[in-house]
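Thanks for coming. Please have a look at it first.

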Amino acid sequence: MEQMPRESHQERAPSHMVTTTSSSFATSRSSTLAYDKEFLKTIPGILMMVEIVLGFLVWMLIAGTDYFLYPVFGWIMFVAVFYWILTLFFLIIFLTMIYTRIPQVPWTIVGLYFNGSALLLYLIAAISEANAVTKELDHHNYNSWAASSFFAFVVASCYGGNTYFSFLSWRSQTLQ
């Protein structure tokens, strides 16, 4: 019997395998959250951190007083706490890059409206507070309210800066 020679390297015909995949909204998303540490190094990220820190000071300086006796300070507390919470919410969205997972939301327009409304309402609150703060109104709480008024103007200017950068972002998208 004659044996057929065996080759050490067997040659195979190339396989023509076609792999198809389909993706849907539910299956194309990863279950892990990303972290964008570079966001805090950008000007909008720095402004957002300043808004959070100084916004916290605004409402904490008022909360430590008898603000509930004066309606104007109730309004300032509402604006300060409302935008402080929303700014924390947006910071989490930008740090975890959740905005990339929800492309249906026009994030540049949302940011523009958010920052613009915060600028407007914070400016109204800061002016109202500056007009209401007098030593005759309540000498005991004067320093807290005056400091809060100062920080409210600074926070309003930070929201103004972020409004500007949101506008630039929106404008660059509409020009494309």
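What is the handedness of the crossing in which α2 passes α3? The crossing is left-handed. Before the rest of the geometry, one caution: this is a predicted model.

First, the overall make-up. The protein chain contains 4 helices and 0 strands. Read from the N terminus, the order of elements is α-α-α-α. The chain has 176 residues, and 32% of them count as buried.

Now the helix pairs. Two packed helices are described by the angle between their axes and by the distance between those axes. I will give both values for each pair.

Next come α3 and α4. Helix α3 covers residues 107-132 and helix α4 covers residues 142-175. Their packing angle is about 155 degrees, with 8 Å between the axes. This pair is therefore roughly antiparallel as well, and α3 and α4 cross in a left-handed sense. Sorted by class, the residues in the contact of α3 with α4 are 18 nonpolar, 12 polar and 1 charged.

The other pair on my list is α1 with α4. The axes of these two helices come within 8 Å and cross at roughly 155 degrees. By the angle, α1 and α4 are therefore roughly antiparallel. The crossing of α1 and α4 is left-handed. In the contact of α1 with α4 there are 19 nonpolar, 5 polar and 1 charged residues.

Which residues touch the most other members of the largest nonpolar core? They are Val-58, Phe-73, Tyr-83, Phe-90, Tyr-122 and Tyr-159, out of 34 residues in that core. At least two residues of this core come from each of α1 (43-63), α2 (71-95), α3 and α4. The largest share is from α2, which supplies 12 residues.

Met-97 sits in the loop between α2 and α3. Its phi is positive, about 60 degrees, although Met-97 is not a glycine.

Leu-137 is in the loop between α3 and α4. It is partly exposed too, at a relative accessible area of 31%. How far apart in space are Leu-137 and Tyr-70? From C-alpha to C-alpha the separation is 9.5 Å, while in sequence the two are 67 residues apart.

Turning to the helices, Met-49 is found in α1. Its relative accessibility is 32%, so Met-49 counts as partly exposed. The C-alpha atoms of Met-49 and Thr-87 are separated by 8.8 Å, and the two residues are 38 apart along the chain.

Tyr-113 belongs to helix α3. Is Tyr-113 buried or exposed? At 60% relative accessibility, Tyr-113 counts as exposed, because the limit for that class is over 50%. Tyr-113 and Phe-167 are 54 residues apart in sequence, with 9.4 Å between their C-alpha atoms.

Ser-144 and Leu-57 are 87 residues apart along the chain, and their C-alpha atoms are separated by 9.9 Å.

To sum up: the chain has 4 helices and 0 strands. I will take questions now.

Note on methods. Residues numbered from 1 in each chain as written. Predicted model: local features only at pLDDT ≥ 70, side-chain atom pairs only at ≥ 80, totals over all residues. Heavy atoms only, no water. Axes fitted to C-alpha atoms, helices over the stretch in contact; angles between N-to-C directions. Parallel < 35°, antiparallel > 145°, perpendicular 65-115°, else oblique. Left-handed = near helix turned anticlockwise from the far one by under 90°. Nonpolar A, V, L, I, M, F, W, Y, C, P; charged D, E, K, R; others polar. Core = buried A, V, L, I, M, F, W, Y, C linked by side-chain atoms within 4.5 Å. Buried < 20%, exposed > 50% of the residue type's maximum accessible area, 1.4 Å probe, protein only.
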